[in-house]
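Trainee: I would like to go through some labels and see what each one rests on.
Mentor: Go ahead, once the model is in view.

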Amino acid sequence: RGTYTIADNNTTRLFERSGYAIENFTIFNNKRHPAKGTREFTDVPRNMINYQTFSGKLKQDIGFHFYNMFSSDKKVADSITGAETIKERDEAFDNLTESGMQSIREGALQNKPTFFMFHYMLPHDPFIYHEDGRLAFENGINYLPENYVAQVKYSNQLIKNFADSIVTLYRNKKFVIIFQGDHGYKFDKKDPNFETDRYKILYAVYCSDKNYEPWQHFGSSVNGFRIFFNKYFHYNLPLLPDKHFVLFYTR
């Protein structure tokens with residue numbers, strides 16, 4: 001349902017109505033603007049059925065045990081497979097970053113306003129980076145919380161570099177930068193932090209006019225774009241109650 005909602009959403013429609021070009025570097029397709037990033041959830045509709053079958057449950061729960069099962073040295077083969085997966089994921093991030101920055105550079109030279117959308121699966125698991133950006137091959141494909149902090153630190157540096165580049169490139173234009181997480185650390189349901197911290201997110205706004213008054217009573221990301229459209233496009237959209245609902249897929 002979320003995938004279909006994102007594919008045809010009010011935010012991009014309002015930007016289009018206002019004459020904006022749309023550059024979609026997210027992991028989701030938009031109805032009129034296909035994703036240029038790595039699409040992560042293309043198999044979700046099919047898998048929601050497949051995962052209910054015996055073969056689907058078998059593959060998801062213990063299928064990883066059968067990788068390289070006919071190799072002469074399964075441990076070495078699994079290590080190589082993990083390293084290749086890490087490299088592929090890193091290359092996908094690099095390509096997304098470079099293609100996105102190239103689009104931003106080109107946009108700075110255009111007169112038509114543009115709405116850029118980016119979605120990075122960082123600091124999302126698996127945790128494949130050291131804090132200085134080196135690949136943590138020794139960790140393999142892992143989801144261990146002790147490796148999370150290093151990837152957060154690396155992600156913070158990427159965000160800083162990205163923001164600094166935009167500020168420099170668009171210094172003669174009016175622009176807004178919104179950084180928004182989609183969820184916090186994925187605590188287990190039994191963890192005491194599950195209810196309080198699982199959906200605490202990063203939300204930061206930079207306005208070239210330095211006027212942050214509309215955000216002074218900001219409570220949650222529910223109203224983020226409503227505040228934006230009210231400030232810059234005078235839509236006078238009513239603000240919604242600051243609520244959140246914990247939804248998760250149970251196999």
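This is a predicted model: local features need pLDDT of at least 70, side-chain atom pairs count only at pLDDT 80 or more; totals for chains, interfaces and linings use all residues.

Mentor: Residues are numbered from 1 along each chain as its sequence is written, and side-chain values use heavy atoms, with hydrogens and water left out.

Trainee: Why is serine 103 called buried?
Mentor: Buried means under 20% relative accessible area, exposed over 50%, and partly exposed in between (1.4 Å probe, protein chains only). Serine 103 has 9%, so serine 103 is buried.

Trainee: What does serine 103 touch?
Mentor: Leaving aside residues up to four places away in sequence, serine 103 touches Glu23, Phe25 and Phe116; contact means heavy atoms within 4.5 Å.

Trainee: How many aromatic pairs does the structure hold?
Mentor: The structure holds 27 aromatic pairs. Among them, phenylalanine 25 and phenylalanine 118 are 5.3 Å centre to centre, with 15° between the planes.

Trainee: Why is that pair called stacked?
Mentor: Rings of Phe, Tyr and Trp (its six-membered ring) pair if their centres lie within 6.5 Å; planes under 30 degrees apart count as stacked, over 60 as edge-to-face and the rest as tilted. At 15°, the pair of phenylalanine 25 and phenylalanine 118 is therefore stacked.
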